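The sequence and structure are shown first, and the notes follow by topic.

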Amino acid sequence: MVFYSPGRTTTYPDTPPTNGLRYHYLGGGNEVGNVGCVFEDNKGEKMLLDYGLAPTDPPKYPNESPPVKNAVITHSHIDHLGMAPWLCANHRTTLHGTQLTAEISRMMWNDCYKVSRIEGYPLAWDKRDIDVAVSSWKTHKFGETWTNESWKCKLTKAGHIPGAAMLNVETDTHKLLFTGDFDTRDSPLTSGAKPEKCDILFVEGTYGGRDHPNKQETIEKFVNKIVEISDRGGTALIPAFANGRTQDIVMMLHKYLPEMDVHVDGMGKHVARLQLENPDALRNPEELTEAWKWCRRVSSKSDKKKALDADCIVSTSGMMDGGPSIWYLNRLRTDPRNGILLTGYQAKGSGGRMLLDEGHVPIWDKRTPIDLEVNQFSFSTHAGHSEIVKFAQDCEAETVVVYHTDPNHARPPLVEELESNGHTVHTPLNGESTIID
Ligand SMILES: [Zn+2]
Ligand SMILES: [Zn+2]
C-alpha cells in the first residue's frame, strides 16, 4: 500500500449535512477527467461516484476520498477509474459497475501502472492494490435495481463506450441522474443514451459550446482519404484509443471499405475480445463479430512486418505516445505515399499534438520530423452542445450540475442555454461542497 500523492489533502467535511443532500467534487468538477464526486445525506450515508485521474503530462489526481463503503464506476476510462485501486486498498470500498467495465478495469490499471513507471510519475497505488481492486467489484446488469444502504440505484446505458453506464439514484428526498461520459447518438459499437426523469441531473459538459460535425460527412471524408492513400500505393496509419475507438474504426472500415486489407494492433485487440464476451453491452454484437473476423489481428513480429504493406493499420496509442503506432510510424515515415489519420482528441504534450502543431513526434525520445500527410477526424462519443441541452430538457431536470468540463470555454455557453431553458444550473468547483435541499 502506498500513501496518497504528496501534497493532496482531504478537503471533505467531517460531519454530515444537517439537512438535504450534499455533493462534493474531489476532482472533475471544473476540469475534464480526474472525476470523483461524493454524495452524503443527513444520516451520514455516503457514496462515491467514479474515482479517476487525468492522464495528462504530468498526470493530475483528485483530492483524497473520505472512507466510503460503496463507489459506482460509470465506465472503464482511466479518468473515471484510475484511482480505484487506492480506494479499495485503503478503505475496502466495494466497486459497483457493469460486468464489461469490471472486466476491462484490470487492463486499464495495468497499463496506467506501466506508463507511470516508464514516465517516472508518482502513483498512489501499486501492483498489489490492483489485485484488491479487481476483487472488489460487484457487477450489475443494465436496468437492475439494487440498494446501497437506503439508496435505490440503477445503471442505464450511457452510449460513449460499451459497458458505460449512467447512474440513477433515488434517496428519501431526491431523484438523481449522473451521466458519467455519455452520448445520445449511436456509434458503431453502442446505442445512444436515453433520458431518464430526474430532479437533479449531473451532466458531463466536455463539448459545451461546440457541436459535432455531421457524422456521415466525417465518415465519408475519412473513407475517401484512405482510398486516396491506398490508390497512390501508400499505407494509412490510423492511431486509435484502445477502449472503444479501435473497434468503432474497424467496424466502419468493414462496412465502407470491405475490400481493403486492414491490420489491427495494440491493446484494442484485448478490449475487443472482452466486448465480444459481453454482447449485452453492444448495439449490434454480430456486426462487431463479423468486423473482427474480417480484420487481421497482429500478434507476432512477422505479423507486424506484414502489416507495413497493408492498406490500413489501426493501432494504439491513439495519441501517438508510444505503443505499436510509434513502431509503425518509424517504419512508414520515409515513404511520402503513406499518411496518418488521427481519430481522436490529441492532448497537449502528446505525440499527436506535436505532430499537428510542429510536424515532429518523439520516437524513442528522439525528436523526429514527419513529412507525411496528416489528417484529423472527429469520432468523439461525447454528447455535443445541442445533445446535452436536449437531454437535460428530456430528463425534465429542475437542477442541472455541469461537470467534466473546461470552466472557461465549454461551460459558460452551456450554462447560458440551460438557464434560458428554465433549469437551475450549478457549476461545481473541486474541493467545495454544495447542499441540495
Ligand atoms: Zn471522461
Ligand atoms: Zn470516457
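Two strands are said to pair if DSSP finds at least two bridges between them. Helices (H or I, at least four residues) and strands (E, at least two) are DSSP runs, numbered from the N terminus. The model is predicted: local features need pLDDT of at least 70, side-chain atom pairs count only at pLDDT 80 or more, and totals for chains, interfaces and linings use all residues. Residues are numbered from 1 along each chain as its sequence is written, while chains are lettered from A and ligands numbered from 1 in the order in which they are written.

**Parallel sheet**

- Strand 16 (residues 339–342) pairs with strand 19 in the parallel sense, over four bridges.
- Within this pair, Gly339 stands opposite Glu373 of strand 19.
- Both strands belong to an open sheet of six strands, ordered 14-13-15-12-16-19, with parallel pairing.
- Strand 14 (296–297) and strand 19 (373–376) are the edge strands, each pairing on one side only.

**Domains**

- The protein chain is divided into domain 1 (21–210 + 381–436) and domain 2 (215–376); such bounds come from an automatic or database domain assignment.
- Taken over C-alpha atoms, the centres of domain 1 and domain 2 are separated by 28 Å.
- The contact between them takes 22 residues from domain 1 and 20 residues from domain 2, where contact denotes two residues whose C-beta atoms, placed from the backbone, lie within 7 Å.

**Nonpolar core**

- A residue is buried if 20 or more other C-beta atoms lie within 10 Å of its own, exposed if 12 or fewer, and partly exposed in between, with C-beta atoms placed from the backbone.
- A nonpolar core is a set of buried Ala, Val, Leu, Ile, Met, Phe, Trp, Tyr and Cys residues joined through C-beta atoms within 7 Å.
- The largest nonpolar core has 119 residues, of which Ala84, Leu201 and Ala392 touch the most other members.
- Helix 3 (residues 99–119) gives the most to this core, with six residues.
- Domain 1 and domain 2 both give residues to this core, so it lies between them.
- Apart from its neighbours within four places in sequence, Ala84 is in contact with Tyr51, Ala71, Ile73, Leu95 and Ala133.

- Strand 2 (residues 36–41) is mostly covered, six of its six residues being buried.
- Gly36, Val38 and Glu40 point one way from strand 2, Cys37, Phe39 and Asp41 point the other way, and all are buried.
- In a regular strand the side chains alternate between the two faces of the sheet.
- Strand 1 (residues 21–27) pairs with strand 2 in the antiparallel sense over six bridges, and Tyr23 stands opposite Phe39.
- Strand 3 (residues 46–51) also runs antiparallel to strand 2, joined to it by five bridges; here the bridge partner of Phe39 is Met47.
- Strand 2 and strand 3 form a hairpin with four residues between them, and Gly44 in the turn has a positive phi of about 85 degrees.

**Helix 3**

- Helix 3 has 21 residues and reaches 31 Å from its first C-alpha to its last, close to the 30 Å expected at 1.5 Å a residue; the expected span is 1.5 Å times one less than the number of residues.
- A kink of about 30 degrees is centred on Ser105, the bend at a residue being the angle between axes fitted to the seven residues ending there and the seven starting there.
- Buried residues of helix 3 include Leu100, Ile104, Met108, Trp109 and Cys112.
- The buried residues of this helix pack against several elements, among them helix 1 (78–81), helix 2 (84–91) and helix 7 (268–276).
- Gly120 follows helix 3 and has a positive phi, near 75 degrees.
- Gly120 counts as exposed, with 7 C-beta neighbours inside 10 Å.

- Most residues other than glycine have a negative phi, and most peptide bonds are trans.
- Thr316 and Ser317 are joined by a cis peptide bond, with omega about 0 degrees.
- Ser317 lies in the loop between strand 15 (312–315) and helix 10 (324–332).
- His160, which is not a glycine, has a positive phi of about 65 degrees; His160 is buried, with 28 other C-beta atoms within 10 Å.
- Asp365 has a positive phi near 70 degrees and counts as exposed, with 6 C-beta neighbours inside 10 Å.
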